[in-house]
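Here's a quick tour for anyone meeting this protein for the first time. Have a look at the structure, and then we'll walk through a few spots together.

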Amino acid sequence: MVAPAPSVTPATLPTSCGSDVVIQYVDKPRPDTGVTNAKLGIWLFLASEVMLFGALFSTYIVIRSGMPADLWHSFNHNADGSTLLSIPMATLNTVFLITSSITMVMAWAELMRKDFSRHRLYLGATVLLGCCFLVVKYFEYGAKFEHHLYPSTNNFLAIYFTMTGLHVIHVIGGLLVNAYFLFPGAKMWMTEPDRFTGRIEVSGLYWHFVDLVWIFLFPVLYLM
């Protein structure tokens, strides 16, 4: 005897032909995976992102391990022996991103408690902290360009600008999504609160991944 399928709350989208297309498992988990379509999609996307950044980290390891230590030291240090990168700026950005992960979790937790106003407070803090990260990165990049340090200068700077630049693009993408849910996308809470909560959870998973990448970039590029 076949067990009945679990009940779901499907989403109905109107089409140009006048008929309706029913999308299942929007705010209820799929019976085969145990997660919603959105969460399954973000995990698959993050898997591809792991491969992307994994390839870059692997390239960094190969280049550095095949280069004499004194030559590499000359690439990422100034003539007086000081490090080429600003550790204080990177530390400040690390604080910004770690704190933003906490506020992102709190934004989702407040939705689970049905407190939309506090959710917007925490989500707004997440967006603000992400913007602070970009501001610090702007000044950090600006200082390099003022001293004529570009990706073409040496292998280390090529790796630095490639990996941190790609990370900045991901931060901007996460900020755009969170800003959308903070302002125009917030209307979904009034009509589909469960679906909106799921969207914030998915956005949070992406944001945590962005933060995790920085946790690896910081020691690898700035401290080692």
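Where is the place of K114? K114 sits in the loop between α3 and α4 (116–146). Keep in mind as you read on that this is a predicted model.

K114 counts as exposed because its relative accessibility is 53%, and the cut-off for exposed is over 50%.

Now move along to H148, in the loop between α4 and α5 (155–182). H148 isn't a glycine either, yet it has a positive phi of about 60°. Is H148 buried or exposed? With a relative accessible area of 57%, H148 is exposed.

## A nonpolar patch on the surface

Next up is a group of side chains. I98, I102, L212, I215 and F216 form a nonpolar patch on the surface, and together they have about 460 Å² of accessible area.

Which helix gives the most to the nonpolar patch? That's α7, with 3 residues. Both α3 (87–112) and α7 (193–223) supply at least two residues of the patch.

## A closer look at I215

One of the patch residues is I215, and you'll find I215 in helix α7.

Note on methods. Residues are numbered from 1 along each chain as its sequence is written. This is a predicted model: local features need pLDDT of at least 70, side-chain atom pairs count only at pLDDT 80 or more; totals for chains, interfaces and linings use all residues. Side-chain values use heavy atoms; hydrogens and water are left out. Patches are made of residues with over 30% relative accessible area and no salt bridge: like charges are joined within 9 Å, nonpolar side chains (Val, Leu, Ile, Met, Phe, Trp, Tyr) within 5 Å. Accessible areas come from the Shrake-Rupley method with a 1.4 Å probe; for residues, only the protein chains shown count as cover. A salt bridge is a side-chain nitrogen of Lys or Arg within 4 Å of a carboxyl oxygen of Asp or Glu. Helices (H or I, at least four residues) and strands (E, at least two) are DSSP runs, numbered from the N terminus. Buried means under 20% relative accessible area, exposed over 50%, partly exposed in between (1.4 Å probe, protein chains only).
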